[in-house]
Amino acid sequence: MKILITGNLGYIGPVVVRQLRTCFPEATIIGYDIGFFATNLINTNYLPECAVDIQYFGDVRNFPEEVLNGVDAIVALAAISNDPMGNKFEEVTMEINYKSNIELANKAKKMGVKRFVFASSCSVYGSAEDGFRTEKSKVNPLTTYAKSKLYTEEALRNMAEDNFIITCLRFATACGISERLRLDLVLNDFVAGAITSKTIRILSDGTPNRPLINVKDMAKAIEWAITRKPEQGGNHLVINTGSNEWNYQIKELAFAVGKIVSDTQIEINKNARADKRSYKVSFDLFKKLAPKYQPCYDLISTVKDLKNGLEEANFNIKNYRKSNFIRLKTLEKLVANKLLDKELRWTFRSWDK
């Protein structure tokens, strides 16, 4: 088996590579990434991508078709990966998250790739206060990021067939420790605040609802999507990916962290404007179709993993919200230093001009 992972140099990538390498030891694993966040490593003595067989550095907006020779499955992770980045780089977000994935899928189908796994998001539900969202519920994407995920799901629907099985995993909000850590994810942010300053600052009023999933459980779900049979959801499957037990209010996450990291103060912005991004999600279909791939990590174990990982790394950046562990800050610094242009393309070719 030959598996291509786009966006493997991000937060999820190292964990997915480790999962696939363990489950498919004889597989050829190929990475393809532009490298925006490649240097944002923590608590590792080796480059995680040493575990892949081939690593390409490239832009998915100009994906070379020949890379797909002999590929059996694609895991499409490459994306501008949250709302702040999507808001600042709206057009680029649509190009990378939506248009490039559809172009990649078209090339993959032409080249005989059998499986296409797309990392989508429960953020497509947007504002939904009237009960748990299922895959049949009305969607209400409120941000460029969420819209890009939904548009991709819809476009992929018409491409699926018996020889091209597509799975769109609507992931809950990611969390947990990774060699290429992100701290612009709600639970990760709270643990970092508790570790570095004994303070968790909630930017909202704490009431929005979010489902969460540990990044290690995301990797397991991706393994399932690569191997699932057509009778497990059909040729094109959109599926909420997470567990019902992981639906929490933001403030509940903060208080859970406070119980594990002692003496932590929790500050709630009671004057914050209402955050419309609030939704509870049903993961019943995922439980039905993938009973052997259900999430193993719960909130407490994930917080402990994050705490231990940050402490082992002697993490002490008190102003971490301005550091490279915040993805938008990384992009802004690269643009400010003229390493990236405003379309987020590397400027290396212009250095000698």
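Q: Helices are DSSP runs (H or I) of at least four residues, numbered from the N terminus. In which helix does Ala194 lie?

A: The model under discussion is predicted. In it, Ala194 belongs to helix H5.

Q: Does Ala194 count as buried or exposed?

A: A residue is buried when its relative accessible area is under 20%. Ala194 has 0% relative accessibility and therefore counts as buried. Beyond its neighbours within four places in sequence, Ala194 is in contact with Thr199, Ile200, Val257, Val261 and Thr264. Its C-alpha atom is separated by 18 Å from that of Gln249, a residue 55 positions away along the chain.

Q: At what angle do helices H5 and H9 pack?

A: Helix H5 (residues 186-197) packs against helix H9 (residues 299-312) at about 50°, and their axes are 10 Å apart. H5 is therefore oblique to H9. The crossing of the two helices is right-handed.

Q: Which residues in H5 meet H9?

A: H5 contributes Leu187, Asn188, Val191, Ala192 and Ile195. On the H9 side, they meet Leu299, Thr302, Val303, Leu306, Lys307, Leu310 and Glu311.

Q: Which residues touch the most other members of the largest nonpolar core?

A: In soluble globular proteins, nonpolar side chains tend to be buried together. In this model, the largest nonpolar core has 74 residues, and those touching the most other members are Ile5, Leu169, Leu181, Leu187, Phe190, Trp224 and Val257. Helix H6 gives the most to this core, with eight residues. A second, separate core comprises 38 residues, including Ala78, Ala108, Met159 and Leu331.

Q: With which residues is Leu169 in contact, leaving aside its neighbours within four places in sequence?

A: Its contacts are Val117, Phe118, Ala119, Ser120, Ser121, Ala221, Ile222, Trp224, Ala225, Ile239 and Thr241.

Q: Why is strand S5 described as largely enclosed by the rest of the structure?

A: Seven of the seven residues of S5 (residues 115-121) are buried, so the strand is largely enclosed. Both of its faces are covered: Arg115, Val117, Ala119 and Ser121 are buried on one side, and Phe116, Phe118 and Ser120 on the other.

Q: In what sense do S5 and S7 pair?

A: Strands of a sheet pair through backbone hydrogen bonds, either parallel or antiparallel. S5 and strand S7 (residues 165-171) pair in the parallel sense over seven bridges, and the bridge partner of Arg115 in S7 is Ile165. S5 also pairs with strand S4 (residues 73-76) in the parallel sense, over four bridges; here Ala76 stands opposite Phe118.

Q: What order do the strands of the open sheet of three have?

A: The order is S8-S10-S12, with mixed pairing. Strand S8 (173-175) and strand S12 (247-249) are at the edges with a single partner strand each, so one side of each has no neighbour in the sheet. On average, neighbouring strands of this sheet are turned by 50° against each other, direction ignored. Helix H6 (residues 215-227) packs on the sheet and touches S8 and S10, its direction making about 70° with that of S10.

Q: How many bridges join S10 and S12?

A: Strand S10 (residues 209-214) pairs with S12 in the antiparallel sense over three bridges. Asn209 has Gln249 in S12 as its bridge partner.

How values were computed
Residues numbered from 1 in each chain as written. Predicted model: local features only at pLDDT ≥ 70, side-chain atom pairs only at ≥ 80, totals over all residues. Heavy atoms only, no water. Pairing = 2+ DSSP bridges. Axes fitted to C-alpha atoms, helices over the stretch in contact; angles between N-to-C directions. Contact = heavy atoms within 4.5 Å. Core = buried A, V, L, I, M, F, W, Y, C linked by side-chain atoms within 4.5 Å. Buried < 20%, exposed > 50% of the residue type's maximum accessible area, 1.4 Å probe, protein only. Parallel < 35°, antiparallel > 145°, perpendicular 65-115°, else oblique. Left-handed = near helix turned anticlockwise from the far one by under 90°.
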